Amino acid sequence: MDFKQKKFVKVRINASGKRAIGIVGIPPPHFRISDFLNSHNEFLCVKLEKSDTFIPKDAISYLEALEEGEDAGSRPRSGEFRQVTVTLKNHGGSFRGEIFVPDGTELATVLSKVRRFINFRNVRFASSPEHYGFIAVGRLEIVMIQEEKHPS
């Protein structure tokens, strides 16, 4: 893959309850949509069927990469995925999913990082049969994150 070329990713977006499917261009040096979401750009340009639509990143409840293609991004360090339940504000519901916590780190430390989006995998919404392999959730959309405790 040529890391100097823009990459295009098909995404499904929920922005304050409005849903759209379109294409997002990811400029270098970003490799994945999740990296680009956390960049300094305030708006995400989504190419829809008949228009280019600019969505403020702070309005995005969650985004799913439908077709990201080859993943040339960084690989996670050693660690584990932890089961959490996330309650959302505008979406009016909650979901269960997994969040990656690197070895030697607490979940609170991961959540305290200054990032606009938090990544989850294996997501299932409580009020829907929808399943998402991976979604990036806007930090401003999150009301509460509850970690499931494992018996010691």
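The sections below treat these topics in turn.

## Basis of the model

The model is predicted, so that local features require pLDDT of at least 70 and side-chain atom pairs count only at pLDDT 80 or more, while totals for chains, interfaces and linings use all residues. Residues are numbered from 1 along each chain as its sequence is written, and side-chain values use heavy atoms, with hydrogens and water left out.

## Overall architecture

The protein contains 2 helices and 10 strands; helices (H or I, at least four residues) and strands (E, at least two) are DSSP runs numbered from the N terminus. Their order from the N terminus is β-β-α-β-β-β-β-β-α-β-β-β.

Of the 152 residues, 39% are buried, where buried means under 20% relative accessible area, exposed over 50%, and partly exposed in between (1.4 Å probe, protein chains only). Among contacts with a separation of 6 or more, 53% link residues 24 or more positions apart; a contact means heavy atoms within 4.5 Å. The protein exposes about 8,900 Å², of which carbon and sulfur atoms supply 52%. Accessible areas come from the Shrake-Rupley method with a 1.4 Å probe, and for residues only the protein chains shown count as cover.

## Backbone features

A cis peptide bond runs from Pro-28 to Pro-29, with omega near 15°. Pro-29 belongs to the loop between strand S2 (18–26) and helix H1 (33–37).

Ser-16, a residue other than glycine, has a positive phi near 50°. Ser-16 sits in the loop between strand S1 (7–15) and S2, and is partly exposed at 41% relative accessibility. Asn-122, also not a glycine, has a positive phi of about 50°. Asn-122 is found in strand S8 (residues 117–125) and is partly exposed, with a relative accessible area of 36%.

## The second largest pocket

The second largest pocket has a volume of about 180 Å³. Its lining comprises 14 residues, of which Lys-6, Gly-25, Pro-27, Phe-36 and Cys-45 are the closest to the centre. S2 and strand S3 (43–47) are the elements that give two or more residues to this lining, and S3 gives the most, with 4 residues.

By type, the lining divides into 7 nonpolar, 5 polar and 2 charged residues. Ala, Val, Leu, Ile, Met, Phe, Trp, Tyr, Cys and Pro count as nonpolar, Asp, Glu, Lys and Arg as charged, and the others, Gly among them, as polar. On a 1 Å grid over the protein atoms alone, a pocket is an open set of points where a 1.4 Å probe fits, with protein on both sides within 12 Å along at least five of seven lines; lining residues have an atom within 4 Å of a point. Grid points are joined across faces, edges and corners, and a volume is the space filled by probe spheres set on the points.
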